[in-house]
Amino acid sequence: MADETKIGIYLCEGCGIAEAIDMDELEQTVSSEYQVSTCKRHAAFCSEEGVAVIEKDVKDGEANRVVVAACSHRVMTDRFNFDGAATVRANLREQIAWTQAPQDEDTNMFAADNVRMALAQARNTDNPEGHENVVKSEKLLVVGGGVAGLTAALEAARAGTEVTVVEKTGQLGGWTRKWSRLIPSRPPYRGLIANNTEELIKAVEDNGKIKVVTNAIVARTEGMPGDFTVTIDHGGSEETDTFGAIVVATGWRMPDDMTPYEKYGLGKVDGVMSGVDFEEVLAAGVEKDGKKLNTIAIVIPCESEQMPYTSGVADRIAIKQAIQVMDTNPDAMVYVLHDNLRAHGQAEELYREAQDKGVVFMKAMVKSAAAGPELTTDDLLLGQEVRLSGLDAVVVMTGMMPNSTNPDLPKAEKGNEFLCDDVNPRVPITVNGEDAGDGDAARAAPSDADDEGAGVAPADCDPENPPLPGGALLNLQYRQGPHIPILYNGFIDSHYICFPYETRRTGIYVCGAVRKPMTAHEADNDATGAALKGIQAINLVKESRATHPRTGDLSYPIFGLDICTKCRRCTVECPFGAIDENEEGYPQLNPSRCRRCGTCMGACPVRTISFKNYSPNMVSEMIEAVEQPDPFDEKPRIMVFACENDAYPALDMAGVNRREINKYMRFIPVRCLGSVTLVWVSNALEKGFDGVMLMGCKSGDDYQCHFVKGSAIAQERIGKVEETLKNLMLEPERVTIEEVSIADSKRVVDLLGKFGDQIEEIGLNPFKGF
Amino acid sequence: MTAAIPATSRTYDLSFARWVRENVKGGDKMNLCMQCGVCSGSCPIGSEMDNGPRKTFMMVRAGMKDEVLSSTTLWNCTSCYRCYVRCPRGIPVTSIIQGLAAVAAKEGYADKEKVSNYYFSKAFWWSARSFGKTDERLVTMKYFFSFGLVEGIKRALANLKIALGMVKAGRMHIGMPHSIRNKSQLKAIIAKAAELESKG
Amino acid sequence: MSEKMKVTYYPGCSSEATGRHLDESIRAVMPEVGVEMADIEDWNCCGASVGHIGGGPLPTLALNGRNLANAKKQGNEHVMTPCAACYLNTHGSNLTIRDDEAKREKVNEALKAGGMEAYEGDLKVHHAMEVLVNFVGMEKIAERATNKLKGLKVAGWVGCQTVRPFAETDDGGNYDTYEEPEFLDDITRACGAEAVPYEKKTNCCGGSVAVMKPEKTLHLMKLLLEEAEKAGADVISTPCPLCQTNLEMYQDAINAKYGTNFHIPVVFPSQLMAVAFGMDPQKDAALQRNTIRAEKLEKLAKK
């Protein structure tokens, strides 16, 4: 830092703060304990007048660090944003004024500690400046020329972006081009609609901003958002181009293994066909080999029978096909066999239309199929076995297997563990084939992260959880291997509600049936979203800013290579594959791949990774800043590391709802639980904190972690704390980790209360006072 | 009733369901049944029914004509209309059950042992047709004696105490049945209606 | 509403037998609250809940068509009936004749065979309770109830067809709900009596099945009586003639079968009103026609 640090602290008295907290005492604490440049009070610092006071101090050189002790750092960010002075916030309003007994001794202690922590933070922070500009191309690459890929290309082109579409086959339009009629996409959601895929193809081909390459695949992809160097294999000849972002829309295929469907006679009995083949029959006017089909059973494989890749899409397509038969031949007899008909949302209208037209829905499990074709079923509504004979056709709704890999390519040499189901929240982390933790071998297998280190059994050797077959779609030249990770069932991992298009590889977005099973219309909507995400990523990266979820953040991790031990934990644990290793084995950041979660920082055993405004040292000093009361006062102190994404907002909401928070808690917001280094935990205990709680998002197959794996990694790390605690002669119950959601404003308070009681029961930390 | 009731030979032959749809009051809505079972669950007297409305509807769809028309479900409906107002799909369940009962009566499925309701209906209609009014006393007697002389006397005696109470309270009269004045007009109307109904 | 309402009255078959006290009390109280009644000329049976089985749907429709055509001739647009089954059939048939062109033509052909004029379905059919709710209003009843039934505990049992399936529809006058109707308790309160909580308000007594096979439905009636006893009711009030008769006449059978000791009077709301209006307990309230005498109510009556 070039200049001397000058801290200005501004104590706000609005929104009930002055009523709850003794402001004179607080000001006294600040001026007696800290060397601040200026300390001012105001009835409302967020007012024009209040902001002007701070602005003047910054302009006059009175302060180059601003501490606003007022509301939560999550609100008024636009008001408290000063050019040339890093701003830190102390939460007096949501956390104290609105949750604590007014003018109480403990309330004042709480307030003083929050200000102390903010001052410690201010001394150790600076405004980030952003990394160097890496953008070499603003073009978008779309992989896959089906309805999703074409829509993504067209939407991006309409928004002014240049697009290249790479299609594996010689024909655009994918599966959808084959269907004669589609499910309606507009109110009243009744009546099948014409297929407009040919028009979509034409619109793409006619668009000057779109380049289409058919019979081509992506051979390799290097670089990072803003600078992806992609080699396209075009029938043997390679061609290299640079792109800003990538949209993956590789769609689906029939399941590789069709043997489970033999139960319904598929492939065994004449007259039994898949739903895909039945589309041809429908297109021909419900005729096959010149014969009209009048009596048709459409079988939706039962969920309970675990047929591969079946989903609710099958149910909707079955209803659609039934309607199409009735539209062609109102006297036809169509039976739809299901065990749980999934016709959610507007599909309910479609279901009613089918009922109106006389389609019979049978809740029946198929037991066997015989020549005829005929089906023997267990009719669950009649409670008896029913034989369906004299059928003209049996249609089996087969599943949609995602093309998360290219089945025509050989298996990749490494990184295949990212193609295994990845739902275990406590994923052990291995480096060079060994457990990266304290050597607890019991937790070592099966391993999550592969490493090219010798002597290691491949990570995908778990027979219960084999990787998807096939080779890499993009063949990423990343330290963590060539694949886009899946979560489970072979679908590319993307959060199904909160961030549906974000893969675990920044700047690479996914849409359509490779992400989740969906109909053509849904794929169309999906593609529009993914295209916009791609454009947004390019524009953010141009300004060195982070993409989702810390959208716009300029900070990025800085590696102090002087003390780096090349342990590779950061490169292995980064959920986004942002960090590679250079030839010497040191971590090398690809800055635009980074999402700024700090998981690398939390992983580094020597704490040499930091951000300008977020570092191990900063938090350690914040921990130390909290005043530990005399042990004889019997006032415990509990440190809560609360994730900024869901836990901290839930705490703020608890304040908004005026729920009383345990008065012994002290909170430090963290970017992600993945960024929490265990040193902070031991620091806190050594400094006399009686308990430590990590509060973050849900991990597992329904994860809510905004950085996908951060919460899971924290779970794993905390599993190792027990040993440390035992060494310190402390009870393991003093450290806990809780998963909360943003809607848990009541639950967080209960959790804190319970943990507080638990700590009081265990007793105070024996280190207190030392 | 328009078309003749179809004969079905196999399960899930839709011709019976389609016949019901065209020929039974409310039958056109029966397709919308989603088998939730609110009807059967709401029925106050479901314990007296073999199938209940939900299953009956499924059986109609399954083409189980004989089983549907000879079922006790049709004859135990109290016409409380709870299923009717509760059906989430707005199906007039009560009307369909009553309509199916009328079909069963016409098609000769009514069995003396099982379907007392049928005989009561006959007795009731006899009174309505003959006198233009329901004479509860005569309807009840005719109903009792529809089971045969001995059974009729037995049932009549069992209800004697009730009947005497009613007479005493002036709620059952002794003497000629109540009757409308213009009986011939009513007969002509009913005869014409019956003729129109059979013609379709 | 206007001060007076004119209705063509359809008493129904039970009015001449088991439901005489309903008919008599309705005829007594309605004019007191501004409803003028004139009987349908030479009215006939509606077909009740089994007519369509015995006779078939179209003849049943024709029966009702005859009544409606006669009412139409009398020149009044409102038809009122106090009987649930009559209401269901007459109102339902009226809607069918109004809305279903094919059926209307057939009914009119049948009416023509009897020398009657065609009917187009343009009358409005009301249940007597709907008239009390929508046209008279509780205030007027309370105002007229000069002999308040102080201390009388009444369990309001609406039964089924009075509110189902039409009460909640615009055609049915939208006068209350299917599941938890309140009008009956409102009438009880307007009469100055106490409406005790009664959950089984719209439970079925077994209807016509109770008449022909009582053993199938005694348990239903037992539930109704138990609930009334639990609530401490002095009387059960019900607007339906079949409900009243069933629940009254089968109490002995229930006691014999279940070893209970029920002896709960079942009265019509119009009987309560007649007593509360200070009218004649015999001529107007027809209390002598209840086989289980409502002694507490009789004591409240003006001698």
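User: In this predicted model, which residues does A:Ile737 touch, leaving aside those up to four places away in sequence?

Analyst: Contacts of this kind show which parts of a chain meet once sequence neighbours are set aside. A:Ile737 touches A:Leu694, A:Ala714, A:Gln715 and A:Ile718. The residue itself is found in strand E35 of chain A, which covers residues 735–739.

User: Is A:Ile737 buried or exposed?

Analyst: The assignment rests on counting neighbours, with a residue called buried at 20 or more other C-beta atoms within 10 Å. A:Ile737 has 20 C-beta neighbours inside 10 Å and therefore counts as buried.

User: What separates the C-alpha atoms of A:Ile737 and A:Lys698?

Analyst: Their C-alpha atoms are 11 Å apart, while the two residues stand 39 residues apart along the chain.

User: In what order do the four strands of the open sheet in chain C lie?

Analyst: A sheet is read by strand order and by the sense of pairing. In chain C the order is E2-E1-E3-E4, and the pairing is parallel. Strands E2 (35–39) and E4 (124–127) of chain C stand at the edges; each has a single partner strand, so one side of each lacks a neighbour in the sheet. On average, neighbouring strands of this sheet are turned by 40° against each other, direction ignored.

User: How many bridges join strand E1 and strand E3 of chain C?

Analyst: Strand E1 (residues 5–9) and strand E3 (residues 78–81) of chain C pair in the parallel sense over two bridges. C:Tyr9 stands opposite C:Met80 in E3(C).

User: Which strands does helix H6 of chain C lie across?

Analyst: Helix H6 (residues 128–136) lies across E1, E2, E3 and E4 of chain C, and runs at about 100° to E4(C).

User: How many helices and strands does chain B have?

Analyst: Chain B has eleven helices and zero strands. Its C-alpha trace spans about 55 × 40 × 30 Å along the principal axes. Of the 200 residues of chain B, 50% count as buried. Among contacts in chain B with a separation of 6 or more, 56% come from residues 24 or more positions apart.

Note on methods
Residues numbered from 1 in each chain as written. Chains lettered and ligands numbered in written order. Predicted model: local features only at pLDDT ≥ 70, side-chain atom pairs only at ≥ 80, totals over all residues. Buried ≥ 20, exposed ≤ 12 C-beta atoms within 10 Å, placed from the backbone. Contact = placed C-beta atoms within 7 Å. Pairing = 2+ DSSP bridges. Axes fitted to C-alpha atoms, helices over the stretch in contact; angles between N-to-C directions.
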